[in-house]
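I would like to take you through one structure, beginning with a single residue and then widening the view.

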There are 2 protein chains.
Amino acid sequence: MKLLDIAEVAKRSGLPASTLRFYEEKGLIESLGRRGLRRTFEPDIIGRLALIALGRTAGFTLDEIAAMFGRELPAQLDRELLSAKAEELERMIGQLTALRNGLRHAATCPAPSHMECPSFRRLLKIAAARSNRTPPKGRRKS
Amino acid sequence: MKLLDIAEVAKRSGLPASTLRFYEEKGLIESLGRRGLRRTFEPDIIGRLALIALGRTAGFTLDEIAAMFGRELPAQLDRELLSAKAEELERMIGQLTALRNGLRHAATCPAPSHMECPSFRRLLKIAAARSNRTPPKGRRKS
DNA sequence: ATGCCACTTCAAGTTGACTTGAGGTCAAGC
DNA sequence: GCTTGACCTCAAGTCAACTTGAAGTGGCAT
């Protein structure tokens, strides 16, 4: 018998049950039925949750992800979107790389004040340029 | 005469005036005085705003950034923090790179369903692993 | 001296992704 | 048969980083 109850899914996916209920409400996942009042899921829910995680990582909102699951075939548009996201990631990677180098330097730079370090000042330009697009907004978990 | 009024700062930094007021309220920047009722800033506000942008890009919250500006000397801790952030970025870059590769592949993959593509399934594992740390949360500006 | 209009304040609203709390239910173990 | 505890629902709360709106002010061009 392969049905997983919500606690099992929570354990395997690392997501709290409340998030799974929330995702279901949003239409991102569906439960197959109930055992008593407990939701049960098909085992491939794990794959779908991974897919959702992927989408989030790539910067899609939950609504966008839900929309993608919604329609069936026109993978045409999907692929365009995927390409676009890949490009976006490409740029982001470039900037983050520069940023990482800058931070590394700043961490070990002997200049009395960071502002006096030319390398640091280059870094600032990158950040300033970057700041106009896609402000990162962190809910860190701890 | 070098003082900039808020509109000038807004234009040069690309940030709306409301954000500048908000930053001031938060203690991230300070205005030097008023010309009439209008705030005026020293020109190096631009540098500071770049620094704030840098911090945000690196994943600090505004409160963390404010705290950093607060204390003066113990650059010791600063540098540790910077190293830590650099490491974090390093990991993030690795994952985003894998992700970008995966997206690129998915965009051109001929498999009828993505789920049937082994390359795509590898991608899912990365995303699933990534999903536990630092959920990205996008306010896109458009 | 008058009116415009970009600025001001302060409170409240927004967004996305959840989490929390109160009050209820049910299968299982004693 | 009764308690227990993990689940349930639904509404409301939270968090970060801003934005928006209403009502007011003051420098400057006419």
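Predicted model: local features only at pLDDT ≥ 70, side-chain atom pairs only at ≥ 80, totals over all residues.

I begin with Arg35(B), which is partly exposed, its relative accessible area being 42%. Along the chain, Arg35(B) and Leu3(B) are 32 residues apart, yet their C-alpha atoms are separated by 9.8 Å.

Let me turn now to the overall layout, using chain A. Chain A contains six helices and three strands. Their order along the sequence is β-α-α-β-β-α-α-α-α. Chain A has 142 residues, and 37% of them count as buried. Its accessible surface is about 8300 Å², and carbon and sulfur atoms account for 54% of that area. As for contacts in chain A between residues at least 6 apart in sequence, 49% of them join residues at least 24 apart.

Next, the sheet. In what order do the three strands of the open sheet in chain A lie? The order is E1-E3-E2, and the pairing is antiparallel. Strands E1 (4-5) and E2 (33-35) of chain A stand at the edges, and each has a single partner strand, so one side of each is left without a neighbour in the sheet. To name one specific position, Leu4(A) has Phe41(A) in E3(A) as its bridge partner.

For helix H1 (residues 6-13) and helix H2 (residues 17-26) of chain A, the angle is about 105° and the axes are 9 Å apart. Angles of 65 to 115 degrees count as roughly perpendicular, and H1(A) and H2(A) are therefore roughly perpendicular to each other. On the H1(A) side, the contact is made by Ile6(A), Val9(A) and Ala10(A), and on the H2(A) side by Ala17(A), Leu20(A) and Arg21(A).

Is Ala17(B) buried or exposed, or does it fall in between? Its relative accessibility is 24%, and Ala17(B) counts as partly exposed. Leaving aside residues up to four places away in sequence, Ala17(B) touches Ile6(B) and Ala10(B). Ala17(B) and Ile6(B) are eleven residues apart in sequence, with a C-alpha to C-alpha distance of 6.5 Å.

The last topic is charged pairs. How many salt bridges does the structure hold over all chains? There are twelve. One of them is formed by the side chains of Glu90(A) and Arg100(B), at 2.5 Å from N to O. This pair crosses between chains, running from helix H5 of chain A to helix H5 of chain B, each spanning residues 75-108. Glu90(A) is partly exposed at 29% relative accessibility, whereas Arg100(B) is buried at 13%.

A further salt bridge joins Arg104(A) and Glu87(B), whose closest N and O atoms are 3.9 Å apart. This pair, too, crosses between chains, with Arg104(A) in helix H5 of chain A and Glu87(B) in helix H5 of chain B. Arg104(A) counts as partly exposed at 36% relative accessibility, and Glu87(B) is partly exposed as well, at 39%.

Within chain B, the side chains of Lys26(B) and Asp63(B) meet in a salt bridge of 2.9 Å, N to O. Lys26(B) lies in helix H2 (residues 17-26) and Asp63(B) in helix H4 (residues 62-70) of chain B, so this pair ties together parts that are 37 residues apart in sequence. Lys26(B) is partly exposed, with a relative accessible area of 36%.

Finally, there are salt bridges that share partners, and they join Glu87(A), Glu90(A), Arg100(B) and Arg104(B) into one network. Thank you for your attention.

Terms used: Residues numbered from 1 in each chain as written. Chains lettered and ligands numbered in written order. Heavy atoms only, no water. Pairing = 2+ DSSP bridges. Helix = DSSP H or I, 4+ residues; strand = E, 2+ residues; numbered from the N terminus. Buried < 20%, exposed > 50% of the residue type's maximum accessible area, 1.4 Å probe, protein only. Contact = heavy atoms within 4.5 Å. Areas by Shrake-Rupley, 256 points an atom, 1.4 Å probe, with all protein chains shown as cover. Salt bridge = Lys/Arg side-chain N within 4 Å of Asp/Glu carboxyl O. Axes fitted to C-alpha atoms, helices over the stretch in contact; angles between N-to-C directions. Parallel < 35°, antiparallel > 145°, perpendicular 65-115°, else oblique.
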